[in-house]
Amino acid sequence: MGTIYVDNIKEHTTGNGVKIPGHVIQVQHSQSTTQVTTQNTLLHVPTDTGLAVSITPKFITSKMLVMINAGARGDGGTAWVNLMIKRDNNLIDYSPCTDNGILDYGINHTAGRFSVIFEDLAGSTDTTEYRLFFSRYGGSGTSAFNNNGNHYSLSTMTVMEVSA
């Protein structure tokens with residue numbers, strides 16, 4: 001097996017870029033400490049958390065790795081939390097479960113951290129926005145984003161474009 005030593009790799013055709021399968025092409029990140037609360041229970045019109053990342057894929061065949069770590073909780077009655085992601089204002093239905101698009105439920109009266117990682121396909125080279133939404137699940141009370149009951153939390157979203 002040989003070794004290749006290089007100081008620089010340039011694309012052969014201008015505008016095509018250099019594409020190595022499985023390698024990260026770019027990373028976009030955002031974070032928020034803004035607290036948002038809701039009593040909204042509508043899954044088709046969830047409440048915006050304000051946590052979002054915009055990314056402009058270099059290749060239509062790229063995989064988009066979306067990673068979210070968020071703080072949320074339900075408070076009062078039997079309030080839980082539904083977490084959902086929209087891509088360009090369209091709810092991502094990533095699984096065949098009966099609650100289309102719901103990523104997770106928060107435990108009632110308990111502050112929790114949600115770590116979600118999922119893969120999406122770029123499909124185009126247009127700028128794409130991933131945005132986190134939530135709603136209250138069940139009973140009465142309020143669902144909260146970025147509030148653990150005693151103080152604010154920090155929530156993050158990272159989107160990586162990975163070459164296919």
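How many helices and strands does the secondary structure of the protein chain come to? The chain comes to 0 helices and 11 strands, where helices (H or I, at least four residues) and strands (E, at least two) are DSSP runs numbered from the N terminus. The model is a predicted one, in which local features need pLDDT of at least 70 and side-chain atom pairs count only at pLDDT 80 or more, while totals for chains, interfaces and linings use all residues. Residues are numbered from 1 along each chain as its sequence is written, and side-chain values use heavy atoms, with hydrogens and water left out.

**Figure 1. Overview of the protein chain.** Read along the sequence, the chain follows the pattern β-β-β-β-β-β-β-β-β-β-β. Among the contacts in the chain with a separation of 6 or more, 82% are accounted for by residues 24 or more positions apart, a contact being heavy atoms within 4.5 Å.

**Figure 2. The aromatic pair of Phe-134 and Phe-145.** The structure holds 1 aromatic pair; rings of Phe, Tyr and Trp (its six-membered ring) pair if their centres lie within 6.5 Å, with planes under 30 degrees apart counted as stacked, over 60 as edge-to-face and the rest as tilted. The ring centres of Phe-134 and Phe-145 are 6.3 Å apart and their planes stand at 40°, so the pair is tilted. Because Phe-134 belongs to strand S9 (residues 128-137) and Phe-145 to strand S10 (residues 142-145), the pair ties together parts that are 11 residues apart in sequence. Phe-134 is buried, with a relative accessible area of 0%, and Phe-145 is likewise buried, with a value of 0%.

Figure 3. Two strands are taken to pair if DSSP finds at least two bridges between them. Strand S2 (residues 36-38) runs antiparallel to S10 and is joined to it by 3 bridges, with Val-36 standing opposite Phe-145. Strand S4 (residues 63-75) also pairs with S10 in the antiparallel sense, over 4 bridges, and here the bridge partner of Arg-73 is Ala-144 in S10.

**Figure 4. The surroundings of Ser-155.** Ser-155 is found in strand S11 (residues 155-162) and, at 0% relative accessibility, counts as buried. Leaving aside neighbours within four places in sequence, Ser-155 is in contact with residues including Ser-30, Leu-51, Asn-69, Arg-113 and Phe-145. The side chain of Ser-155 makes a polar contact with the side chain of Asn-146 at 2.6 Å; such a contact is a pair of N or O atoms within 3.5 Å, where, within protein, one must be able to donate a hydrogen and the other to accept it, and residues adjacent in sequence count only if both atoms are side-chain atoms. A polar atom of the Ser-155 side chain also lies 3.0 Å from the backbone nitrogen of Gly-71. The C-alpha atoms of Ser-155 and Thr-34 are separated by 8.9 Å, although these residues are 121 residues apart along the chain.

Figure 5. A search of the whole structure finds 3 salt bridges, each defined as a side-chain nitrogen of Lys or Arg within 4 Å of a carboxyl oxygen of Asp or Glu. The side chains of Arg-131 and Asp-48 meet in a salt bridge at 3.0 Å, N to O, and this pair links distant parts of the chain, with Arg-131 in strand S9 and Asp-48 in strand S3 (residues 47-55), 83 residues apart. Arg-131 counts as buried at 19% relative accessibility, whereas Asp-48 at 32% counts as partly exposed, as does Glu-129 at 25%.

**Figure 6. The salt bridge between Arg-87 and Asp-120.** The closest N and O atoms of Arg-87 and Asp-120 are 2.6 Å apart in this salt bridge. Arg-87 lies in strand S5 (residues 80-87) and Asp-120 in strand S8 (residues 112-121), so the pair ties together parts that are 33 residues apart in sequence. At 28% relative accessibility Arg-87 counts as partly exposed, whereas Asp-120, at 10%, counts as buried.

Notes: Buried means under 20% relative accessible area, exposed over 50%, partly exposed in between (1.4 Å probe, protein chains only).
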